[in-house]
Amino acid sequence: MELKEERDMMKRERKEERDMMKREREEMEEMKRDMMRERDMMKSMMLRDKLKEDMMMRERDKKRERREMMKRERMMEMKEEREMMKREREEKRERMMEMKEEREMMKREREEMEDM
């Protein structure tokens, strides 16, 4: 009788031992899974942050390009305006010269007429 009880007790102890080992393994697995999940979350957060940053960079670049383009356009307009003003001054000067020549010619003609 005692032998049987002892065997039963040994069996129970071994079973408890096995169960405990099994529980520990499961807990370890669970911890491992948790860590993997956490790592994946971190990765995805980092990725998201990186994407966000890239988007912001692109946006900034676009804005800068737009500003530069506007600046170039303004420069071009100013240049065209200066050239136009220069042409206008040239034309005015030419007209003045022509008028002056005309007046001188008229004056000479009048003098010639008076001389006769």
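User: What makes Asp 54 and Lys 50 a salt bridge?

Analyst: The closest N and O atoms of Asp 54 and Lys 50 are 3.1 Å apart. A salt bridge needs a side-chain nitrogen of Lys or Arg within 4 Å of a carboxyl oxygen of Asp or Glu. So the pair qualifies, at 3.1 Å. This is a predicted model: local features need pLDDT of at least 70, side-chain atom pairs count only at pLDDT 80 or more, and totals for chains, interfaces and linings use all residues. Residues are numbered from 1 along each chain as its sequence is written, and side-chain values use heavy atoms, leaving out hydrogens and water.

User: Why are Asp 54 and Lys 50 separated by about one helical turn?

Analyst: Because they are four residues apart in helix α1. Helices here are DSSP runs (H or I, at least four residues), numbered from the N terminus.

User: Why is Asp 54 called partly exposed?

Analyst: Its relative accessible area is 27%. Buried means under 20%, exposed over 50%, and partly exposed in between (1.4 Å probe, protein chains only). So Asp 54 is partly exposed. Lys 50, at 46%, is partly exposed too.

User: What makes Arg 93 exposed or buried?

Analyst: Arg 93 has a relative accessible area of 51%. That puts Arg 93 in the exposed class. Its salt-bridge partner is Glu 90, at 3.6 Å, N to O. Glu 90 has 35%, so Glu 90 is partly exposed.

User: How do you know that Arg 37 and Asp 34 meet in a salt bridge?

Analyst: Their N to O distance is 2.4 Å. By this rule the count comes to eight salt bridges.

How values were computed. Helices (H or I, at least four residues) and strands (E, at least two) are DSSP runs, numbered from the N terminus.
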